[in-house]
Amino acid sequence: MNSPLVLVVDDDPDILDAICDILEAEGYRVSRARHGREALDQIDGERPDVILLDLMMPVMDGVAFAQALRLRPAVRDIPIVVISADGNPQRAASVGAIGYLAKPFDIEALLAQVAGITRPGAGAAPPRG
Amino acid sequence: MRKVARLATVNSQVRCESLNVMEPLDSRGVNPGPGQGPSVRSGEARGGHLGFVAHEIRNPLSTALWTAELLARMSMEERGGARGEKLSAMCLRSVARVRQLIEDHFLSERLDIGGLPLRVEAIGVKEAVEAVIERRPSDAGPASSSQLDASLGVEADRTLLERAVESLVAVAGSERTPVVVTARATEREVELSFAGRPVDAAALEDPLKGAPSDPTGRALAMPLARRIATALGGALAAGEGGWRLTLPRARAYTARPTSAARP
């Protein structure tokens, strides 16, 4: 059985690299996108189990992405966790996210959020393959 | 002759449409204070700008913290491997971004508040630009100052002048775009032009929360250069051919002899 797939959407290339490294080291599969438009293309390829979404991005921001996602019946229920440096949790609620992580968040907080969604009841225990 | 001035005494000026037409702000009934542009006048804009700065710093700070933590969890052997080297490079790059943003932000703040000691002297523009270009990172794109006249000087504080030139070269030369620095002079002014990436005049304003990030950490470079230009009694403007930095001309400047010309 495949490990859970996490789609990471952020316009900062170092943030993308770091989060993907953290998740891969814990056994998750990851896909990455630099903005909402790329993320929609990624989702067309393979449905992720959870989306980690930045809000402020060029081309298509996080809010517009979430709105576009909700219009697609096959993928509208994919859980979103907002990862943002804007310090405004209310914006996460506005895109229907089930979680919010304010940068700079702890690695353990990230893993707990992702594990809680992809492995309900398993807490922060990583999938490790 | 060297002069020591304080920023509060620098005469603020605004850039007019053509070169050599600079009008003191006081004569227009406007006196916003040293280095202050329209975007920092209201509390709302000020808050929006500080929100942007915080956002810009949090992104590389996040990467720096995460990669440092991941490296700390590794064994010595793992740190020397490919992943360790990648994380080390990311950590250093991120810390450098944070440092650049903090330095740009706090210098801008000091210029806004006033009272920053200035050491004004006659400085050769070619010499100053070349010093900046020599310090450019090896992976930055090419920059040329070959068209500059070595006998042309400006009255400026060397540190601030080089910070402004460095900022302008970095912005004009982002994404490895070749930069060409040229100059022209009138009796009273020297105008330095930085041609490279297409110019967006909006970049002169303080970016507000929600504005696009700069993954290189230079999001505050243009507002800083604008403040420096004002503090030095000059101006920064967007021109068709590039960014234009206008500064008071040094009348008594004598170019330093080159090493080849020395006995």
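Buried residues (20 or more other C-beta atoms within 10 Å of their own, with C-beta atoms placed from the backbone) come to 39% of the 129 residues in chain A. This is a predicted model, where local features need pLDDT of at least 70, side-chain atom pairs count only at pLDDT 80 or more, and totals for chains, interfaces and linings use all residues. Residues are numbered from 1 along each chain as its sequence is written, while chains are lettered from A and ligands numbered from 1 in the order in which they are written.

Now for the fold of chain A. Going along the sequence, you'll read β-α-β-α-β-α-β-α-β-α, which makes five helices and five strands (DSSP runs, H or I of at least four residues for helices and E of at least two for strands, numbered from the N terminus).

| Chain A item | Value |
|---|---|
| C-alpha trace along principal axes | about 35 × 30 × 25 Å |

On to the cores, meaning sets of buried Ala, Val, Leu, Ile, Met, Phe, Trp, Tyr and Cys residues joined through C-beta atoms within 7 Å. The largest nonpolar core has 47 residues, and B:Phe194 is among those touching the most other members. Helix α5 (residues 158-172) of chain B gives the most to this core, nine residues. A second, separate core of 41 residues includes A:Leu7, A:Leu52, A:Met57 and B:Cys91.

Key:
Buried ≥ 20, exposed ≤ 12 C-beta atoms within 10 Å, placed from the backbone.
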